Amino acid sequence: MNVRSGVTSTGAARVRAPRTSRLGWNLLGLLVFVSAGFPVYWMLNTAFKPAKDAIDPDPHFFPNVFTLENFRRALDIADFWGPVGRSLTVSLVVVVIGIAVGMLAALAISRFAFRGRKIVIVGILAVQMIPLVAMIIPVFLLLNDLGQYDKLTGLIITYLTFILPFTVWTLRGFIVNIPRELEEAAMVDGCTRTGAFVRVVFPLLAPGMVATSVYGFIQAWNEYLYALMLMSQQNQTATVWLGNFTTKNGTEYAPMMAGATMMAVPIVILFLLVQRKMAAGLTAGAVKG
């Protein structure tokens with residue numbers, strides 16, 4: 001009886017151990033979710049509450065009164081659609097050019113052997129290690145000499161300099177995980193190298209391109225420092241537009257949160273449209289070929 005009891009106790013302990021471990025991971029995941037989601041909730045909470053409640057020293061987790069006055073104030077305080085339109089234009093152009101150029105560069109690095117290939121790869125990594133704030137003055141002087149200061153084209157070129165390296169590196173990882181044998185089989189069947197890429201590699205690469213595009217769009221949409229330094233008040237982007245709520249009289253927190261909420265709408269819509277492809281892209285490459 002003692003032996004059987006010992007075996008039973010050991011088995012029960014082994015069953016409890018995975019459950020305890022699973023509970024711990026679930027609690028950790030819940031903590032991460034709350035930590036990441038609470039700022040978003042507080043932004044929405046502040047956007048829909050009266051302005052006087054936003055500066056209440058005793059804040060409430062749920063607004064007592066819902067109002068849309070903050071959104072009206074956000075639209076009246078300065079031009080809204082102009083900065084949003086400029087941000088959308090810059091972000092979309094950066095994504096299109098970045099994906100097109102980055103895909104070709106990633107394909108060349110991952111599929112072709114050429115002199116200086118390793119130097120290119122190391123250079124891509126080195127560029128991403130440079131703090132963006134360290135390049136503000138050189139970029140300003142360069143764009144000023146080229147006549148691109150206070151122009152959307154200059155801002156697009158600037159954003160491409162720090163989005164392209166990430167795009168190339170990320171797409172290279174996706175392409176490397178696509179077996180060469182698939183391309184070779186297509187070429188044996190009569191496809192050219194370009195045809196094999198279009199018919200075989202490109203469809204498999206599409207989820208990775210979507211995931212990379214979303215990242216590039218978010219980076220360009222949320223960028224503030226370069227937009228502030230390189231663009232005038234008349235050509236400001238959406239992120240700089242939010243700065244209009246901070247004046248010499250203080251910060252209007254409720255309208256600012258309403259503006260931030262409106263700025264988040266394009267990102268949410270984009271994510272909802274491509275969430276399936278993005279999920280597939282983020283998990284691609286977990287099991288190689």
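Visitor: Lys 52, buried or exposed?
Guide: Lys 52 counts as exposed, at 61% relative accessibility. Buried means under 20% relative accessible area, exposed over 50%, and partly exposed in between, with a 1.4 Å probe and protein chains only.

Visitor: What kind of model is this?
Guide: This is a predicted model, in which local features need pLDDT of at least 70 and side-chain atom pairs count only at pLDDT 80 or more, while totals for chains, interfaces and linings use all residues. Residues are numbered from 1 along each chain as its sequence is written, and side-chain values use heavy atoms, with hydrogens and water left out.

Visitor: Back to Lys 52. What does its side chain meet in a salt bridge?
Guide: The partner of Lys 52 is Asp 53, at 3.3 Å from N to O. A salt bridge here is a side-chain nitrogen of Lys or Arg within 4 Å of a carboxyl oxygen of Asp or Glu. Asp 53 counts as buried, because its relative accessibility is 16%.

Visitor: How many salt bridges does the structure hold?
Guide: Five. Side chains of opposite charge can pair when their charged atoms come close.

Visitor: Which residues are linked in a network of them?
Guide: Glu 69, Arg 72 and Asp 76. Helices (H or I, at least four residues) and strands (E, at least two) are DSSP runs, numbered from the N terminus.

Visitor: And how accessible is Arg 72?
Guide: Arg 72 is partly exposed at 43% relative accessibility, and Asp 76 is partly exposed at 48%.

Visitor: Which salt bridge links distant parts of the chain?
Guide: Arg 111 with Glu 183, at 2.5 Å from N to O. Arg 111 belongs to helix 4 (residues 81-111) and Glu 183 to helix 8 (residues 180-188), 72 residues apart. Arg 111 is buried at 9% relative accessibility, and Glu 183 is buried at 7%.

Visitor: Changing topic. What is the overall make-up of the protein chain?
Guide: The chain has twelve helices and two strands. From the N terminus on, the order is α-α-α-α-α-α-α-α-α-α-α-β-β-α. Of its 289 residues, 35% are buried. Contact means heavy atoms within 4.5 Å; among contacts between residues at least 6 apart in sequence, 72% join residues at least 24 apart.

Visitor: Which residues touch the most other members in the largest nonpolar core?
Guide: Val 94, Tyr 159, Leu 171, Leu 205 and Trp 241, out of 53 residues in that core. Helix 7 (residues 152-176) supplies the largest share of this core, eleven residues. A nonpolar core is a set of buried Ala, Val, Leu, Ile, Met, Phe, Trp, Tyr and Cys residues joined through side-chain atoms within 4.5 Å.

Visitor: What is Val 94 in contact with?
Guide: Leaving aside neighbours within four places in sequence, Val 94 contacts Ile 156, Tyr 159, Leu 160, Ile 163 and Ala 220.

Visitor: Now pockets. How much space lies in the largest pocket?
Guide: About 180 Å³. The search uses a 1 Å grid over the protein atoms alone; a pocket is an open set of points where a 1.4 Å probe fits, with protein on both sides within 12 Å along at least five of seven lines, and lining residues have an atom within 4 Å of a point. Grid points are joined across faces, edges and corners, and a volume is the space filled by probe spheres set on the points.

Visitor: Which helix gives the most to its lining?
Guide: Helix 7, with five residues. The lining includes Met 135, Phe 162, Phe 166, Tyr 215 and Gln 219.

Visitor: How does the lining split by class?
Guide: Nine nonpolar, three polar and no charged residues. Ala, Val, Leu, Ile, Met, Phe, Trp, Tyr, Cys and Pro count as nonpolar, Asp, Glu, Lys and Arg as charged, and the others, Gly among them, as polar.

Visitor: Last one: where is Thr 237?
Guide: Thr 237 is in the loop between helix 10 (225-230) and helix 11 (238-241). Thr 237 is buried, with a relative accessible area of 3%. Not counting residues up to four places away in sequence, Thr 237 touches Pro 83, Ser 87, Leu 155 and Ala 227.
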